[in-house]
Amino acid sequence: MNLKIALLAGDGIGPEVIDQAVKVSNAIAEKFNHNIEWTPALTGAAAIDAVGEPYPDETHDICQAADAVLFGAIGHPRFDNDPSAKVRPEQGLLKMRQKLGLFANVRPTFTFPSLIDKSPLKRERIEGTDLIILRELTGGVYFGDRGRKDGGDTAFDTMTYQRFEVERLARKGFEMALKRGKKLCCVDKANVLEASRLWRETVQALEKEYPEVEVTYEFVDAVAMRLIQWPKGYDVIITANLFGDILTDEASVISGSMGLMPSSSVGSEVSLYEPIHGSYPQAAGKDIANPLATVLSAAMMFEDFDLKEEAEAIRSVVNKSLAEGVVTEDLADGGKAYKTSEVGDWLATNI
Ligand code: IPM
Ligand code: MN
């Protein structure tokens with residue numbers, strides 16, 4: 001297969017973890033006879049510095065012309081501490097999601113046999129967890145009306161959803177559930193929010209089209225609790241943009257390290273693959289960041305190209321590295337801490 005991949009390394013540890021995913025993907029391409037053409041493009045603070053814009057048009061064109069986008073991370077403390085900054089790296093991420101129409105963010109949570117005891121949660125609660133949070137990504141409070149009034153003393157952000165936005169996400173959720181545990185949970189705050197009531201109404205109307213899927217409705221505050229009490233109770237969760245943002249950070253703790261969880265963002269055209277962790281600026285340039293979430297995001301990419309064996313080869317070499325202790329300092333636990341680049345080299349060689 002010939003694949004054209006846009007490579008958006010971004011900020012902080014982004015370039016370092018992306019390098020390892022490229023090494024691993026190239027090793028896969030060699031082994032399985034594929035040809036990958038990588039096209040790097042600027043995003044985030046790096047793009048602001050170069051061209052004054054966090055998601056330049058040129059980057060958008062490169063993404064649109066690609067078969068997929070592999071993305072590192074975005075964000076820089078220089079902007080976090082400056083509330084008056086006019087352009088922020090994160091705006092690039094949001095603009096990219098919107099312009100590429102990436103309305104569904106797929107964030108899986110699973111455990112690694114060799115890491116179960118690294119999780120702060122008890123083994124018996126988390127062992128065997130395998131769930132997907134399907135987060136709406138181009139609507140809700142992230143993109144609703146916002147502003148200031150009363151001379152700046154009142155601020156507002158609005159959560160707006162249209163029926164079609166909920167419906168297209170819910171359909172993806174139902175279809176995913178059909179291929180997995182056949183359970184779908186709609187997570188909302190319908191006891192308070194009108195937008196959530198629209199979510200429930202819309203999902204309820206779809207239930208009869210998917211009679212094999214068992215559907216439940218739960219409030220987001222309760223799910224925040226149940227997710228860590230009994231994550232095995234969930235299969236596919238669908239939820240609004242902000243709720244999904246919060247719950248997926250929470251869920252990442254189940255696996256033992258935030259450095260492990262991959263994600264994909266899909267829409268009607270090109271899809272994007274990225275680790276769920278952020279740019280971790282404190283570690284930037286030190287060659288210490290865990291590259292596995294990005295490497296596993298590349299596995300999700302191969303899977304979506306229907307290259308199942310390739311995806312499996314990546315997952316299995318990652319499991320092997322964990323079992324053999326070829327890990328970065330976040331997982332080293334007193335043992336040897338490998339560098340980011342060493343983990344990448346090891347994975348590529350073992351493929
Ligand atoms: C994420 C991040 C982003 C979000 C930020 C960086 C804008 O936290 O991808 O989860 O809130 O969506
Ligand atoms: Mn987040």
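So, where does ligand 1 sit? In the second largest pocket. Keep in mind that what we have here is a predicted model.

Okay, who's around the ligand? The shell is made of Glu90, Leu93, Arg97, Arg107, Arg135, Tyr142 and Asp245. If you sort those residues by type, you get 5 charged and 2 nonpolar, with no polar ones.

Now let's look at the contacts one by one. Start with Arg97: an N or O atom in its side chain is 2.7 Å from an oxygen of ligand 1. Next is Arg107, where the distance from a side-chain N or O atom to a ligand oxygen is 3.0 Å. Then there's Tyr142, with 2.5 Å between its side chain's N or O atom and an oxygen atom of the ligand. The cut-off for a polar contact is 3.5 Å.

And how much of ligand 1 does the protein bury? On its own, the ligand exposes 320 Å², and 75% of that gets buried by the protein.

Note on methods:
Residues are numbered from 1 along each chain as its sequence is written. Chains are lettered from A and ligands numbered from 1 in the order in which they are written. This is a predicted model: local features need pLDDT of at least 70, side-chain atom pairs count only at pLDDT 80 or more; totals for chains, interfaces and linings use all residues. Side-chain values use heavy atoms; hydrogens and water are left out. A residue is near a molecule or strand if one of its heavy atoms lies within 4 Å of it. A polar contact is a pair of N or O atoms within 3.5 Å; within protein, one must be able to donate a hydrogen and the other to accept it, and residues adjacent in sequence count only if both atoms are side-chain atoms. Accessible areas come from the Shrake-Rupley method with a 1.4 Å probe; for residues, only the protein chains shown count as cover. On a 1 Å grid over the protein atoms alone, a cavity is a set of points where a 1.4 Å probe fits but cannot get out, and a pocket is an open set with protein on both sides within 12 Å along at least five of seven lines; lining residues have an atom within 4 Å of a point. A molecule sits in a cavity or pocket if more than half of its atoms lie within 2 Å of its grid points. Ala, Val, Leu, Ile, Met, Phe, Trp, Tyr, Cys and Pro count as nonpolar, Asp, Glu, Lys and Arg as charged, and the others, Gly among them, as polar.
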